[in-house]
Amino acid sequence: MWLDFKITNRCNNNCLYCGVSHDKVTAKELVAMDKIVETIKLALKIGFKNFALLGGEPTVRENVEDLFSAFQECEDVSVLVITNGLIFNEKLVNSAFACGANNVRIVQSFDNFSIPNYKRQNPQKILTNIEHIQKIAKKYTTDHLKRDVHIHSVISRENYTEVYNWISYFVERNIDISVGFVCPSKFDNTENPIEYNHFNFKELEIILKQFEILKNENKLNFANNILYEYLQSYPFGKVNIKDVCKAGKSHVIINSDGEVYPCITQSYARNEKYGNINDSPFDFIYQKFKNFVCVEDFAPACYDHYLWNQMS
């Protein structure tokens, strides 16, 4: 069971391909920290085992380290903290790794070594942050507690020819890496696409060939294997999971304003809200999802649910 929790809408960056309107760092938070902690504890009682904490940018939230008190008494739980890495928040990293969850990962969003880049990152600084996180992870890792840094990369027009080299770089350094596409992405027969999220089928073949080589070299982890399979079907209209999607049942999304949605696509569209944790406890809202049935065609944002379905 997956809970995707946007713990803030504030962000210290302005990624070129970010399609979400974020608040300035100076803005007021929309959900209090004690409400976040309460919600996570209720989700744990319900049976949620996988938590992705994101934003916005989690590192800019004041006292964000207090959040991890929610995980002090839990079993077989995984926690992902997803960051753009512009700030190295040592308190957050230590608090996350010190919590009771079995598997804790700091997920560093990072796409390539070029400057400038769509994420407006200094690659050397990101690499330095990764080293810091690795050193802290070693202090908290035991036979029963796994702590590490994970790289999440977005494939776009600035790096689609470097997928093989990029994944290989981290695999050869024993750093787990997953890749995905800009959402939404477009695939068609346009002769010379120029948008960051637009690829023609010849370019898709270039991407697929790199995945094929990586697979043959045993360099694809589970998530990247799923993406490889997905890319062989989705751009050609051969993916639809609405009959088996677990959205609203084992997959739930909470936006930074406290609104609760059955899936990522609906959380963007904001037309299937089931409640707000500022007004009602999460366990009460979750009961309303029992009768949720997806009636939409498969959308690019559905990929996360497609992946979660495979993992569960």
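Is the crossing of H5 and H6 left-handed or right-handed? In this predicted model, the crossing of these two helices, H5 and H6, is left-handed. Helix H5 spans residues 201–216 and helix H6 spans residues 222–231, and their axes come within 10 Å while crossing at roughly 140°. On the side of H5, the contact is made by Leu204, Ile207, Leu208, Phe211, Glu212 and Lys215, and on the side of H6 by Asn224, Asn225, Leu227, Tyr228 and Leu231. When the residues of this contact between H5 and H6 are sorted by class, seven are nonpolar, two are polar and two are charged.

Helix H6 also packs against a further helix, H9. The axes of H6 and H9 come within 10 Å and cross at roughly 120°, so that H6 and H9 are oblique to each other. In this case H6 passes H9 in a right-handed crossing, whereas the crossing of H5 and H6 is left-handed. The residues of H6 that take part are Phe222, Ala223, Ile226, Leu227 and Tyr230, and they meet Tyr303, Tyr306, Leu307, Gln310 and Met311 in H9. The contact of H6 with H9 comprises nine nonpolar residues and one polar residue, with no charged residues. Leu227 of H6 is listed both in the contact with H5 and in the contact with H9.

Helix H5 has a contact with H4 as well. The axes of H4 and H5 lie 8 Å apart, and the two helices pack at an angle of about 30°; H4 and H5 are therefore roughly parallel to each other. Here Val163, Tyr164, Ile167 and Ser168 in H4 meet Gln210, Phe211, Ile213 and Leu214 in H5. The residues of this contact of H4 with H5 divide into six nonpolar and two polar, and none of them is charged. Phe211 of H5 belongs to the contact with H6 and also to the contact with H4.

Attention now turns to the strands. Strands of a sheet pair through backbone hydrogen bonds, and this pairing may be either parallel or antiparallel. The model contains an open sheet of nine strands with mixed pairing, in which the strands follow the order E6-E5-E4-E3-E2-E1-E9-E10-E11. The edges of the sheet are strand E6 (176–181) and strand E11 (275–276), each of which pairs on one side only. Within the sheet, strand E2 (residues 50–54) and strand E3 (residues 78–83) run parallel and are joined by four bridges. In this pairing, Phe51 stands opposite Val79 in E3.

Helix H3 (residues 123–140) touches strand E4 (103–109) and strand E5 (146–155), and the direction of H3 makes about 155° with that of E5. Helix H9 (residues 303–311) likewise packs on the sheet, where it touches strand E1 (2–6) and strand E9 (251–254), and the direction of H9 makes about 140° with that of E9.

The peptide bond from Gly55 to Gly56 is cis, with omega near 20°, and Gly56 is found in the loop between E2 and E3. A further cis peptide bond runs from Ile115 to Pro116, with omega near 0°, and Pro116 is placed in the loop between E4 and H3. The loop between E4 and H3 also holds Arg120, a residue other than glycine for which phi has a positive value, near 55°.

A search of the whole structure finds 33 aromatic pairs. One of these aromatic pairs is formed by Phe113 and Tyr169, whose rings are edge-to-face, with 5.1 Å from centre to centre and 75° between the planes. The pair links distant parts of the chain, 56 residues apart, with Phe113 in the loop between E4 and H3 and Tyr169 in helix H4 (residues 163–171).

How values were computed
Residues are numbered from 1 along each chain as its sequence is written. This is a predicted model: local features need pLDDT of at least 70, side-chain atom pairs count only at pLDDT 80 or more; totals for chains, interfaces and linings use all residues. Side-chain values use heavy atoms; hydrogens and water are left out. Axes are lines fitted to C-alpha atoms, for helices over the stretch in contact, and angles run from 0 to 180 degrees between N-to-C directions. A crossing is left-handed if the near helix is turned anticlockwise from the far one by less than a right angle, and right-handed if clockwise. Contact means heavy atoms within 4.5 Å. Ala, Val, Leu, Ile, Met, Phe, Trp, Tyr, Cys and Pro count as nonpolar, Asp, Glu, Lys and Arg as charged, and the others, Gly among them, as polar. Two strands pair if DSSP finds at least two bridges between them. Angles under 35 degrees count as roughly parallel, over 145 as roughly antiparallel, 65 to 115 as roughly perpendicular and the rest as oblique. Rings of Phe, Tyr and Trp (its six-membered ring) pair if their centres lie within 6.5 Å; planes under 30 degrees apart count as stacked, over 60 as edge-to-face and the rest as tilted.
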